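The structure comes first, then the reading.

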Amino acid sequence: MLNLNLLSSRSSSLGFTLIEILLTLVIAAAITAISATAYSRLSSSAALKATSQDILVTLRRARISAIAKSEEVAFSVDNNKRIYWVVGSNRQRLLDSSLDLQIFSAKGLSTNKNISQIRFAPDGSSSGGEIKISNGKKVYNVVVEWLSGKVEIR
């Protein structure tokens, strides 16, 4: 014969209580929130580094192009549209929404007041300038020396 007491004690321990389920959901929600915050910080940091490197490479290509073609080449930034490009190229790059960009260059190089430029001469020299890219916590400075046209991140 079956022992009914043994059967009833087993059936009550086969499931989870409501408190256990709620506690599991709260822990899962906390882990998700922490992960999302960490991911957004990591994503913003990666975008900052990638954009800084891209601007550095684009400026160096503009300088090389000016030397190779024996003509002036301009790197332009439109802060209103949040884009940057080398004048004469078909490739415009959009600045990531998590980043802020400021360009410091000689005034009067562009005909449009919303566009700032750094120009490279055929001898490799430049108008000089500095581009600051920030994600709110970290800042990269891309510096263009006017005499040598040397471009580097500081």
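## The β6–β7 pair and its sheet

Strand β6 spans residues 129-134 and pairs with β7 in the antiparallel sense, over 6 bridges. One of the residue pairs is G129 with V144, the latter in β7.

This pair belongs to an open sheet of 4 strands. The order is β4-β6-β7-β8, and the pairing is antiparallel. The edges are β4 (100-105) and β8 (151-153), each of which pairs on one side only. On average, neighbouring strands of the sheet are turned by 15° against each other, direction ignored.

## Confidence

The model is predicted. Mean pLDDT over the chain is 88, and 88% of the residues reach 70 or more. Strand β7 (residues 139-144) has the highest confidence, at 98. Helix α1 (residues 4-12) has the lowest, at a mean of 51. Where pLDDT is low, the predicted coordinates should not be read in detail.

Strand β2 (residues 83-86) has partners in both β1 and β3. With β1, the pairing is antiparallel and runs over 4 bridges. Here F75 stands opposite V86 in β2. The hairpin of β1 and β2 has 4 residues between the strands, and R82 takes a positive phi near 60°.

With strand β3 (residues 92-94), β2 again pairs in the antiparallel sense, over 3 bridges. W85 has Q92 in β3 as its bridge partner. This hairpin has 5 residues between the strands. G88 sits in the turn with a positive phi of about 100°.

Are the faces of β2 covered or open? Both are covered. I83 and W85 are buried on one side, Y84 and V86 on the other.

## Q117 in strand β5

Q117 lies in strand β5 (residues 115-120). Its relative accessible area is 9%, so Q117 counts as buried, the cut-off being under 20%.

Which side chains make polar contacts with that of Q117? One is S76, at 2.9 Å. Another is R119, also listed at 2.9 Å. Beyond its neighbours within four places in sequence, Q117 is in contact with A74, F75, S76, V87, S105, L109, S110 and S127. F75 is the residue that stands opposite V86 in β2.

## Salt bridges

Side chains of opposite charge can pair when their charged atoms come close. The structure holds 5 salt bridges. One of them joins R119 to E72, with the closest N and O atoms 3.2 Å apart. R119 is in strand β5, while E72 is in the loop between α2 (18-69) and β1 (73-78), so the pair ties together parts that are 47 residues apart in sequence. R119 counts as partly exposed, at 25% relative accessibility. The side chain of R119 also makes the polar contact with Q117.

Elsewhere, E145, K150, E152 and R154 are linked in a network of salt bridges. R154 meets E145 at 3.3 Å, N to O. R154 also forms a salt bridge with E152, where the closest N and O atoms are 2.8 Å apart. How accessible are E145 and R154? E145 has 29% relative accessibility and counts as partly exposed. R154 has 52%, so R154 counts as exposed, the cut-off being over 50%.

Methods
Residues numbered from 1 in each chain as written. Predicted model: local features only at pLDDT ≥ 70, side-chain atom pairs only at ≥ 80, totals over all residues. Heavy atoms only, no water. pLDDT = per-residue confidence, 0-100. Helix = DSSP H or I, 4+ residues; strand = E, 2+ residues; numbered from the N terminus. Buried < 20%, exposed > 50% of the residue type's maximum accessible area, 1.4 Å probe, protein only. Polar contact = N/O pair within 3.5 Å; in protein donor to acceptor, adjacent residues only side chain to side chain. Contact = heavy atoms within 4.5 Å. Salt bridge = Lys/Arg side-chain N within 4 Å of Asp/Glu carboxyl O. Pairing = 2+ DSSP bridges. Axes fitted to C-alpha atoms, helices over the stretch in contact; angles between N-to-C directions.
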